[in-house]
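The sequence and structure come first.

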Amino acid sequence: MALRLVAGGLTFGLRLEEVAAPRTCAAMVSRLLPLEAKLVQSRWSGEAAWVPLGALDLGVALENGTRFPAPGQLLFYPAGLSEAEILLPYGPTSFGSKLGPLAGSHFATIVEGLEQLGELGRRVLWEGAQGFRLEVLR
C-alpha cells in the first residue's frame with residue numbers, strides 16, 4: 001500500500017512496511033490516517049522532525065524497532081517514556097527524548113521525493129513548524 005506525505009509544501013511518496021510492521025501499519029491506516037498535523041524540529045534526535053501525537057493509543061506495541069533510522073524512514077513511537085509521535089529523519093538521527101534513547105516502529109519509507117528531504121529539514125529548522133498531511137493512496 002502506498003502513502004502520500006505533503007510536508008512543508010513538498011510532496012513525497014511512501015511505501016508502508018506492511019511485512020516488517022503489520023500491526024502498526026494496519027492501525028495507522030484504520031485509526032489514524034489521514035492525519036493533518038504540524039511537523040516540528042526534534043529536540044533530542046538529531047536531523048529529524050516529529051509530529052507530536054500526545055496520548056494517542058493505537059493499541060500497538062513496538063515492532064520493527066530502531067533507534068537509528070535512515071533519512072526517509074518514518075517511525076511511530078507508541079508512547080511510554082515520551083508521548084506518542086511520528087519521527088521523520090532527514091539526516092543522521094539517533095531517536096531519543098529528554099529521558100534518553102528511544103526505539104520507534106519503522107512503518108513507512110519515502111520512495112519518491114527523497115532528494116527533497118534536505119530542503120524539508122531546512123524549512124523545519126529555519127522557518128519553524130510546517131504543515132504535515134499523511135494519507136493513503138487508494
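How many helices and strands does the protein chain have? The protein chain has two helices and eleven strands, where helices (H or I, at least four residues) and strands (E, at least two) are DSSP runs numbered from the N terminus. This is a predicted model, in which local features need pLDDT of at least 70 and side-chain atom pairs count only at pLDDT 80 or more, while totals for chains, interfaces and linings use all residues. Residues are numbered from 1 along each chain as its sequence is written, and side-chain values use heavy atoms, with hydrogens and water left out.

## Overall fold

Read along the sequence, the elements follow the pattern β-β-α-β-β-β-β-β-β-β-β-α-β. The radius of gyration of the protein chain is 13 Å, close to the 14 Å that the globule rule gives for 138 residues, so the chain is as compact as a globular protein of that length. The radius is taken over C-alpha atoms, and the globule rule is 2.2 Å times the number of residues to the power 0.38. Along its principal axes, the C-alpha trace spans about 40 × 35 × 25 Å.

Of the contacts between residues at least 6 apart in sequence, 72% join residues at least 24 apart; contact means heavy atoms within 4.5 Å. Buried residues make up 49% of the 138 residues. Buried means under 20% relative accessible area, exposed over 50%, and partly exposed in between (1.4 Å probe, protein chains only).

The accessible surface comes to about 6400 Å², and 55% of this surface belongs to carbon and sulfur atoms. Areas come from the Shrake-Rupley method with a 1.4 Å probe; for residues, only the protein chains shown count as cover. The chain has 12 positive and 13 negative side chains, and the centres of the two sets lie 3 Å apart. Lys and Arg count as positive and Asp and Glu as negative, whereas His and the chain ends are not counted. The place of a charge is taken as NZ of Lys, CZ of Arg, CG of Asp or CD of Glu.

Thr24 is in helix α1. Is Thr24 buried or exposed? Thr24 counts as buried because its relative accessible area is 0%. Leaving aside neighbours within four places in sequence, Thr24 is in contact with Val60, Ala61, Glu63, Phe76, Ser105 and Phe107.

## Backbone features in loops

The peptide bond from Leu33 to Pro34 is cis, with omega near 0°.

Asn64 has a phi of about 55° and is in the loop between β4 (46–54) and β5 (65–66). Ala79 has a phi of about 80° and is in the loop between β6 (73–77) and β7 (84–93). Asn64 counts as partly exposed, at 31% relative accessibility. Ala79 is likewise partly exposed, at 31%.

## Salt bridges

A salt bridge is a side-chain nitrogen of Lys or Arg within 4 Å of a carboxyl oxygen of Asp or Glu. By this rule the count comes to eight salt bridges. Three of them are listed here.

| Pair | N to O distance |
|---|---|
| Glu135 and Arg4 | 2.7 Å |
| Glu17 and Arg15 | 2.8 Å |
| Arg123 and Glu119 | 2.7 Å |

Glu135 is buried, with a relative accessible area of 15%, whereas Arg4 is partly exposed at 31%.

Arg15, with 39%, is partly exposed.

Arg123 and Glu119 are both in helix α2 (residues 117–127); they are four residues apart, so about one helical turn separates them. Arg123 is partly exposed at 21% relative accessibility, and Glu119 is partly exposed at 28%. Elsewhere, salt bridges that share partners join Arg4, Glu36, Arg133 and Glu135 into one network.
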